[in-house]
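Open the model in your viewer and keep the sequence panel beside it. The stops below say what to select next and what is there.

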Amino acid sequence: MPEAPDPRSRPTPTRVPGLLYGGDYNPEQWPEEVWAEDARLMRQAGVTMVTVGVFAWARLQPGPREWDFGWLDRLFDLLAAHGVAVDLATATASPPAWLVRAHPELLPVTADGVRLEFGSRQHYCPSSPVYRAAAVRLTRAIAERYAGHPALALWHIHNEYGDHVTECFCPESAADFRRWLAERYGGVDGLNAAWGTGFWSQHYGHLDEVEPPRTAPGPVNPTQLLDWRRFCSDALLACYRAERAVLDELSPGVPVTTNFMSMFKALDYWRWAAEEDVVCDDAYPDPADPQAHVTAAMHYDLMRSLKGGAPWLLLEQAPSAVSWRAVNLPKRPGLQRLWSLQAVARGADGVMYFQWRASRAGAEKFHSALLPHRGTDSRGWRETVRFGAELRRLASVAGARTRAETAVVLDWESWWALELDDHPSARMRWLDLLRPWYAALYRRSVAVDFVRPGADLSGYRVVLVPNLYLLREETARWLAAHADGGGHLVCGPFTGIVDEHDHVHPGGHPGPLRETLGVVVDEFWPVPDGEGTTVVTADGRTLTARLWTEWLETTDAEPLARFGSGPLAGRPAVTRRGTARYLGCHLGDEIGVVLEQVLAEAGVGPVLPVPEGVEATLRTTPDGAEYLFLLNHGERPARLTLPPDWATAPDRLTGAAVGSRFTLAPLDAVVLRRSPRPR
Ligand code: GAL
C-alpha cells in the first residue's frame, strides 16, 4: 500500500483542499443547542476550518484530576459531519483559577515587582516549571484524545505567545535567566566581558549575583537588557517546544503552528518559524488608518518570508471592528473582502477570523464576528457568506508562491539593540526606519521578501538594509559578498555600530562595512524634532532629511547627494561604491528617490505598472500558472491597462470578462489567471 503523504511536505498548509475559510470558534461560551445552528451556518458560509479550544482550559480540565472531553467529542463529530475541519488549540494560554490559586507563584511579575492577577488571560510566567508541566499535561491529554480524529487538520499551540505578557521578573524567571546566561557564556568571566561590567562598578563575582533587569535607579546595563530580550523570546519558545514535543510524539503527520502577531518586537520569529510547519498570522489593520494596507502588506510579506516563501495562513482578523482600540471603526462594505484578498495576494492559503459567533459576555462582546449579534439578517453575515463563495473560486491559488528579486534584511536582535536607551537619538525606531523603505517599494509594485542575516541571497538583485545597528562580523561579510558579487546593496544610517554584545565597533562607523561602502562616519548629528536638513542630489533634486544625519566622509566612494543646509552643508549625505550605497541620513518617504535609481540599475521592475492606490501582486503555482491580484485601496476608481496575455483572462472572483482596459472601483479587486507558458 502506498504510504499516505506527509502533510508537512505538502505545498499547502493542511490537508483541507483550497483556501481555508473560517475562524476562532468558542462553543464553550454557548449552550449546546446553538452548536447545531453554528455547524449549519458554517456550511452555508463555506467555512472549511475553525480554530477550537483556544481558551477552553478551565472547561477541559475543571480540576487537577478532572477532565471533561465529552463536549469536545460531540463538537468534533458535529463539525466532521458538516465537513468542517478543526484547527485544535492546546488551550494553554489561560490557566484556570484552580491552578492559579494552588500555585500563585506561576503568575507573572512586572519589572516593578507587581504580580499580575487572575481575571484576564495570559497570566503565567514563561519560566514557571508548574505552568510548563501543567501545559504539557493538558497538551498530552488533548493530543491523546484527538490525534486520530479525521476532522483534525492543524495543531494550534497556545495562542499568540507574548500577547499581554512578554516577560516576567519573578525569582523563577531570574533562575532561568541565569541558566540561560551560563549556557551562553560558560561562566561569569564571559558574562563580565560581554556585558562590559568594568563600567559603573557592575562586575559580578558569580553568576548567582545576576538578576533580570528590574526597575533600577538609572540606565540599566544595555547588554544585560539585550540578553534579557533574547532570553525572553527563548523562554516563550521553550514553552512552545515543550508542547510541540508532545504533539510530535502523539500526533506525527499533523502540521503544527502557533499564531504570530505580525511584526512583533518581543519574539524573534525567524527562530520561531523554524519550529513550525506553517506560519500563521493574526492581523488587525486599523480601518481608521489610511495607510493600514501598506503596513499590512509589509506584515504579510514577512509571514511569507519566514518559511522561505511557503504559503502561510491568516488565522485571525476582524470581520469588521475590533473592541480593544480607543475608538473601534468598523470596516466599510467591501473592506473586509479587499483586506482578506490582500493576504491571499501576498501568499496566504487561508483567510480566518476572530471570531465565528459574537460573544454575549466578556471583554470582547463588542468585537465583530462572522455571525454578528443580530444574526443572519445582518450586513456582516451577508458579507461572510458572499466572501466564502468567492474564496472557493480561488481554490486553485492554494500552494502558489511569489517571486521577489528584492530583499529587506530584518534582524530581531538588531531591532532590540537599536531601541535600547541612551542612544544619540531615541527617535531611531526600527519600524519608523523600515516603513518608508517598504512603502517606497510597495508604491512601485515591487515584490519584496524579508531575509534574516546569513540567508541565501542568490535570487536577489537588490538587498536593502534600512538599519542594522547591531552588525555581527559574519553578517558584514555576508553583505559584502553580495555587493562584491555585483549585487546591489543599500544601507541605511546608524548601521554597523555595535557587535553582538552591543560594544561599538572600533575605528569609525559603519564598523565592518566601512570598506564595502567606502565611507566612515565621524559623528552622529541627530535632527531635532520637527526640523529638517536639506539634501541635494547630484542631479539637482532637493530632499529633506529628518530624525538623523551623519558627519560622513568618503574613503572610496562617490557622493550621490550632499547636505544642503545646517552644520553639515556640503558634506556627503548619500554615497555609492560600485553597487553598494550608503545613506548618512534618514530620508523618510523620499527614500524612494534613491531606491528608484537602484531598482532601475538592477533591472528590477514592478509586477505591473498600476495607478496610485492599486496594489498588484503575482502568485505562481508549482506547475507555472500565474495569478495576478489587482486591489484598489484608493478612494477613486482606477483605470488599468493590461498587457495582451492577461487581457483575455476572466476575473476569477466574478467570472466576468475584464478586457485590456478597465476600471477598478474603490475597494474592488480582480484576480486573473494566466496558464503555464509552454517551455
Ligand atoms: C487576538 C487574540 C484573540 C482575540 C483577538 C481580538 O489578539 O488572539 O483571542 O482576543 O485578538 O481582536
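**Stop 1: serine 320**

Select serine 320 and show what surrounds it: leaving out residues up to four places away in sequence, serine 320 touches Leu329, Pro330, Lys331, Ser368 and Arg379, where contact means heavy atoms within 4.5 Å. This is a predicted model, in which local features need pLDDT of at least 70 and side-chain atom pairs count only at pLDDT 80 or more, while totals for chains, interfaces and linings use all residues. Residues are numbered from 1 along each chain as its sequence is written, and side-chain values use heavy atoms, with hydrogens and water left out.

Serine 320 sits in the loop between strand E8 (312–316) and H11. Helices (H or I, at least four residues) and strands (E, at least two) are DSSP runs, numbered from the N terminus. With a relative accessibility of 16%, serine 320 counts as buried. Buried means under 20% relative accessible area, exposed over 50%, and partly exposed in between (1.4 Å probe, protein chains only).

**Stop 2**

Now select H11. How many of the residues of H11 are buried? The count is 11 of 11, including Leu335, Trp339 and Ala345. Just after H11, select glycine 347, which has a positive phi of about 110°.

Next select arginine 346 and glutamate 615, whose side chains meet in a salt bridge with an N to O distance of 2.7 Å. Arginine 346 is in the loop between helix H11 (335–345) and strand E9 (348–353), and glutamate 615 is in strand E21 (residues 614–620), so the pair ties together parts that are 269 residues apart in sequence. A salt bridge here is a side-chain nitrogen of Lys or Arg within 4 Å of a carboxyl oxygen of Asp or Glu. Glutamate 615 is buried at 2% relative accessibility, and arginine 346 is buried at 8%.

**Stop 3: further salt bridges**

The whole structure holds 47 salt bridges. For another of them, select arginine 461 and glutamate 405, with closest N and O atoms 3.2 Å apart. Arginine 461 belongs to the loop between strand E11 (448–451) and strand E12 (462–465), and glutamate 405 to the loop between helix H12 (379–393) and strand E10 (406–409), so this pair joins parts that are 56 residues apart in sequence. Arginine 461 is partly exposed at 40% relative accessibility, whereas glutamate 405 is buried at 18%.

Then select glutamate 601 and arginine 581, a salt bridge with closest N and O atoms 2.9 Å apart. Glutamate 601 is in helix H17 (residues 591–602) and arginine 581 in strand E19 (residues 580–583), 20 residues apart. Glutamate 601 is partly exposed at 38% relative accessibility, but arginine 581 is buried at 1%. To see a network, select Arg184, Asp227, Arg230, Glu413, Arg472 and Glu474, which are joined by salt bridges that share partners.

**Stop 4: the ligand**

Which residues surround the ligand? Select Phe55, Arg121, Asn159, Glu160, Asp282, Tyr284, Glu316, Trp324, Phe354, Glu364 and His367, each with a heavy atom within 4 Å of the ligand.

- asparagine 159, 2.9 Å
- tryptophan 324, 2.8 Å
- histidine 367, 2.7 Å

**Stop 5: the cores**

In the largest nonpolar core, of 150 residues, Leu88 and Phe450 have the most contacts. A nonpolar core is a set of buried Ala, Val, Leu, Ile, Met, Phe, Trp, Tyr and Cys residues joined through side-chain atoms within 4.5 Å. Select leucine 88: the residues it touches, beyond four places in sequence, include Val52, Phe76, Ile142 and Trp155. Another core lies apart, with 23 residues, among them Val409, Val465, Leu471 and Cys491.

**Stop 6: glycine 492**

Finally, select glycine 492, in the loop between strand E13 (488–491) and helix H16 (514–517). Glycine 492 is buried, with a relative accessible area of 0%. Neighbours within four places aside, glycine 492 is in contact with Trp437, Val465, Pro466, Tyr582 and Leu583. Isoleucine 591 is 99 residues from glycine 492 in sequence and 9.8 Å away in space, C-alpha to C-alpha.

Technical notes. Polar contact = N/O pair within 3.5 Å; in protein donor to acceptor, adjacent residues only side chain to side chain.
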